[in-house]
Every structure is written in C-alpha cells, then in structure tokens.
Amino acid sequence: MPDAFDAADPAGEFDFAHRPVTDQSFENALAKARDGHRLSVADGVELVTTGTDHEGIDRRRKELVLEAADRRRAEVVGDEVTFVANLNNNVTTACNTGCLFCNFKDRSEQFRSSYQDDHGGFTKTPEESRDVVRDAVDRGIYEVTSVSGLHPALALDSEHLEIMDASERGDLNYRPASEYDVDPGTYCEQLRAMSVDGVHVHSMTPEEAYHARRGTDWTYEEVFERLQDAGLDSVPGTAAEILVDEVRDVICPGKIDSGEWLEAMEAAANVGLDMTATIMYGHVENAKHRVQHLQKVRDLQDRTGAITEFVPLSFVHEETPLYDRDMVSGGASRDEDELMIAVSRLFLDNVDHVQSSWVKYGDAHGLKMLTCGADDFMGTILSEEITKRAGGGYGEFRSVREYSDMITAIGRTPVERSTDYRQRRVVDPDADVVGPELGPRADGTPLLD
C-alpha cells in the first residue's frame with residue numbers, strides 16, 4: 001500500500017528505514033480493535049493513519065477509531081476521570097545533552113562561576129528543594145514530580161562523587177560542584193530533601209539514572225535501590241521521546257538509546273518501583289515509529305506489570321531547535337492528537353490508564369481527549385517549566401474546583417487519586433470545599449487561596 005502518512009516527514013527528508021506501509025486493511029484492524037484482540041504494529045499503523053490506502057486522515061474513519069477507544073476506556077476504567085494534587089520541582093535547567101526538541105535546558109557552561117553573563121537558568125540546592133516541597137505539602141499536595149537537566153556536578157551520592165573526582169576520563173560530563181555558583185548536591189541528597197512528611201516522590205527518568213551511574217560499573221538496579229533508600233517512590237517514564245533509534249539519532253543523538261531506556265525502566269520495576277511511560281510525538285517521526293513505540297511499551301508492561309499510566313505528549317515546537325533549524329514546521333494536528341490517544345488506549349491492552357495532558361492540549365482540547373480513550377487529566381502542577389520554555393501557552397496550575405467543574409460538565413465523575421491509583425476519592429461537585437484530601441497534610445481546603 002502507498003506510504004500515505006508520514007506525520008512531520010511527508011517528503012521523507014530524514015530517509016528513515018521504517019515507513020508507514022502495511023499489508024493490513026483499516027477495516028480488519030478496526031474489527032480487531034472492536035473485538036478486543038491484541039493489535040499488531042500493522043494494525044496500529046492502519047488505525048493511527050485511518051488507513052494507508054489514501055492520503056491524509058479520513059474523518060469518518062477517525063470517528064470510528066475514537067468510538068472504539070472510548071468504548072474500551074469505559075469497559076476498562078468506567079466513567080471516572082482522575083487527577084493528582086501535585087507539584088513540579090525541577091532542580092536545575094543546566095544541561096548540555098543538546099536535544100533538538102527541548103528549550104528547557106541552559107548550557108551547563110553558563111552556570112560555572114567563571115561565566116559572567118546572565119543565562120536565565122536556575123539550580124536549586126537540596127535545602128531550597130526541601131523548602132519548596134514543604135510549602136506545597138502544607139497546602140495539600142500528594143506528589144512532587146522532579147525532572148531536571150543533566151547538571152555535570154550532579155552525581156548519585158558521595159561514593160559516586162569520589163569515583164568521578166578520581167577518574168581521569170574526559171567523557172563523563174562531570175565537573176566538581178566547586179566550579180559552579182550553586183551546588184546541586186547529589187541525586188540522593190535532593191531526593192531526601194524532597195521526601196517531606198510522607199509526600200510521594202516521583203523522579204529519576206532513565207536518562208537521569210544513566211547520569212547517576214556514569215563512570216561506574218553499577219547496574220541500574222543498584223542505582224535505583226540507592227535512590228529508593230533516599231526516598232524515591234516511583235519513576236517517570238519520560239526521556240522516552242520515540243523509542244526508535246533512527247528517530248532518536250535525529251532529535252536527541254546525545255541521549256541513551258531505546259534499549260538502554262528500556263533496561264533502566266525494567267530495573268526500576270525489578271526493585272519494586274512503579275513507573276509511568278510516555279511518548280513525545282508530532283516532530284520528525286512517522287506513524288510507524290509511533291506504533292513501534294507503543295509496542296515497546298506494551299512489551300515492557302508484559303515483562304514488569306509496573307506501568308501505572310501512559311502519557312502521550314504532543315510536541316510543542318515554537319521555541320525549540322527543531323523549529324528554529326527548519327527541521328519541523330509545526331507539531332501534531334488535532335486529528336493526530338485524538339488518534340494518538342485513541343490508538344494508545346486500543347494498543348496498550350495491559351495499561352489501564354491513559355492521560356490527557358492539559359498542559360500540552362489546553363482545556364477544551366484536553367477535555368476532548370477524555371472522549372477519545374483517555375481517563376486521567378494530569379495534576380494540579382503548582383509549577384511547570386518545561387512546556388512553558390518550549391512555547392506552550394497553557395497554565396501552570398489547576399485547582400481541584402476547576403477539575404470538578406470541568407469533568408462534571410462533560411458528564412464524567414471527578415476523582416482525586418494517588419500517584420499509583422491505589423488511593424481514590426470521588427469528588428462531590430456540590431460540596432462547598434472540594435479538596436484535595438489525599439496528601440499527607442491535605443485537609444480539604446484549596447491548594448491556593
């Protein structure tokens with residue numbers, strides 16, 4: 001069948017080996033999805049493109065895919081829409097990995113004491129992180145999420161610092177903290193600082209775990225065990241982008257490859273940590289890459305059972321190097337967003353929860369995703385920097401009252417949840433005060449007055 005849907009690469013500019021061409025038909029793939037059969041990559045490609053036998057997205061077929069996904073959502077999780085009361089505490093923007101999709105980081109050289117100009121970035125000490133989290137816990141959050149740049153001075157712990165200081169290797173992306181204006185401490189010190197009064201600490205992506213073992217022969221299991229002892233409760237499956245190496249070679253050649261990402265995630269599961277999984281789509285990848293990514297996530301869940309939710313993240317392009325260098329002209333269309341959510345629900349038959357990111361989609365479009373297969377609507381996010389720095393224009397805070405009003409307005413049931421979904425509280429939209437209530441210091445009063 002013709003190569004009809006290449007997402008951001010319609011002209012084949014990047015000469016990818018994997019193309020969205022199948023021997024399957026849309027009708028057969030849709031029938032398998034409706035009947036609850038496990039989908040193949042070819043099935044997924046047919047559904048996410050609404051058929052490879054024609055150019056563009058067929059609106060009638062798209063609606064059939066969305067309807068099938070919404071039915072599956074209702075069968076798996078019912079009509080509840082969940083959210084978590086959380087805070088984002090990003091420790092540092094210092095990073096020199098050079099990912100072309102990212103505008104969150106600032107070149108780490110600019111953070112050194114010898115650099116005299118203003119760079120606009122930040123690094124927090126462990127004490128500063130503790131103050132930020134303590135204040136948020138007092139206001140009722142359940143979870144602190146921490147995803148940061150790869151600061152050269154950040155090491156796992158004091159033993160790791162000794163190994164790095166003694167090493168004569170020049171390829172470890174390491175400089176001692178004494179060369180910087182602000183000492184970020186170690187990963188373990190930051191985690192201990194953020195582990196305040198029983199708050200759930202959701203941190204340490206596979207990329208950060210790689211940074212935390214560089215220059216050693218430690219396994220990922222050893223690294224995650226030390227992090228867990230320091231207060232880590234679960235792992236965000238970000239830094240995944242697209243888990244196909246020919247795409248990663250274009251958008252993030254300095255990052256770990258897909259195999260190492262999967263190795264780190266499996267290790268986190270092996271030591272007993274729950275985790276999420278993500279995809280960042282709508283840049284240079286094509287439809288087959290998207291579905292191959294889903295297959296790797298599904299296989300990982302088959303092996304571990306540790307993935308609590310899947311989070312499709314639509315690429316925000318405006319302030320990124322990919323856009324500045326004319327490698328992309330924009331992000332995913334709304335049709336593509338809806339199909340990505342829907343096919344994620346249908347393909348990932350072993351992951352119960354699919355998230356709609358209001359930070360990426362905005363309120364109206366984010367609510368629409370809840371009719372396309374998604375059942376989770378993110379968190380309150382008392383601070384969010386990554387999407388904002390990439391040009392995202394949506395808010396940094398969502399109150400429980402807003403959640404209650406919006407979710408109720410579309411005929412669904414608002415539910416405050418824990419990170420792992422094991423604790424749940426149905427929100428009464430008619431109550432004078434609606435929460436949060438699940439956090440270690442939550443008493444039902446609003447997060448912000």
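Some ground rules. The model is predicted, so local features need pLDDT of at least 70, side-chain atom pairs count only at pLDDT 80 or more, and totals for chains, interfaces and linings use all residues. Residues are numbered from 1 along each chain as its sequence is written, and side-chain values use heavy atoms, with hydrogens and water left out.

Helices and strands are DSSP runs, numbered from the N terminus: helices are H or I with at least four residues, strands are E with at least two.

Let's start with two helices. Helix α1 covers residues 26-35, and helix α2 covers residues 41-49. Their axes come within 9 Å and cross at roughly 105°. An axis here is a line fitted to C-alpha atoms, for helices over the stretch in contact, and angles run from 0 to 180 degrees between N-to-C directions. How do α1 and α2 lie to each other, then? They are roughly perpendicular. The cut-offs: under 35 degrees is roughly parallel, over 145 roughly antiparallel, 65 to 115 roughly perpendicular, and the rest oblique.

Who touches whom? Contact means heavy atoms within 4.5 Å. From α1 come Phe26, Ala29, Leu30, Lys32 and Ala33; from α2 come Asp43, Glu46 and Leu47. That contact has five nonpolar residues, no polar ones and three charged. For the classes, Ala, Val, Leu, Ile, Met, Phe, Trp, Tyr, Cys and Pro are nonpolar; Asp, Glu, Lys and Arg are charged; the others, Gly among them, are polar.

Stay with α2. Eight of its nine residues are buried, so α2 is largely enclosed by the rest of the structure. Buried means under 20% relative accessible area, exposed means over 50%, and partly exposed is in between, with a 1.4 Å probe and protein chains only. The cover on the buried residues of α2 includes α1, α3 (59-77), α11 and α13 (334-347). Just after α2 sits threonine 50, with a positive phi of about 55°.

Helix α6, residues 187-194, is also mostly covered, with six of its eight residues buried. Among them are Tyr187, Cys188 and Met194. The buried residues of α6 pack against α4, β3, β4 (200-203), α7 (206-211) and α8 (220-230).

Now strands. Look at β7, residues 307-314. Eight of its eight residues are buried, so β7 is largely enclosed by the rest of the structure. Two strands pair if DSSP finds at least two bridges between them. Strand β6 (residues 274-281) pairs with β7 in the parallel sense, over six bridges. Tyrosine 281 faces serine 314 of β7 there. How does the chain get from β6 to β7? It goes through helix α11 (residues 287-304), in a right-handed β-α-β crossover. Right-handed means this: with the strands pointing away from the viewer, the path from the first strand over the helix to the second runs clockwise. Strand β7 also pairs with β8 (residues 353-354), again in the parallel sense, over two bridges. Here glutamate 309 is opposite histidine 353 of β8.

Next, a four-strand open sheet. Its order is β9-β1-β10-β11, and the pairing is mixed. Which strands stand at the edges? They are β9 (376-379) and β11 (424-426); each has a single partner strand, so one side of each is left without a neighbour in the sheet. From one strand to the next, the twist averages 25°. Strand β1 (residues 80-84) pairs with β9 in the parallel sense over two bridges. Helix α17 (residues 400-409) packs on the sheet and touches β1, β9, β10 (413-417) and β11. Its direction makes about 145° with that of β10.

Most residues other than glycine have a negative phi, and most peptide bonds are trans. Aspartate 15 has a positive phi of about 55°. It lies in the segment before α1. Is aspartate 15 buried or exposed? It is exposed, with a relative accessible area of 67%. Alanine 239 has a positive phi too, near 65°. Alanine 239 lies in the loop between β5 (234-235) and α9 (245-251), and it is buried, at 11% relative accessible area. Finally, a cis peptide bond joins glycine 435 and proline 436, with omega about 10°. Proline 436 is in the segment after β11.
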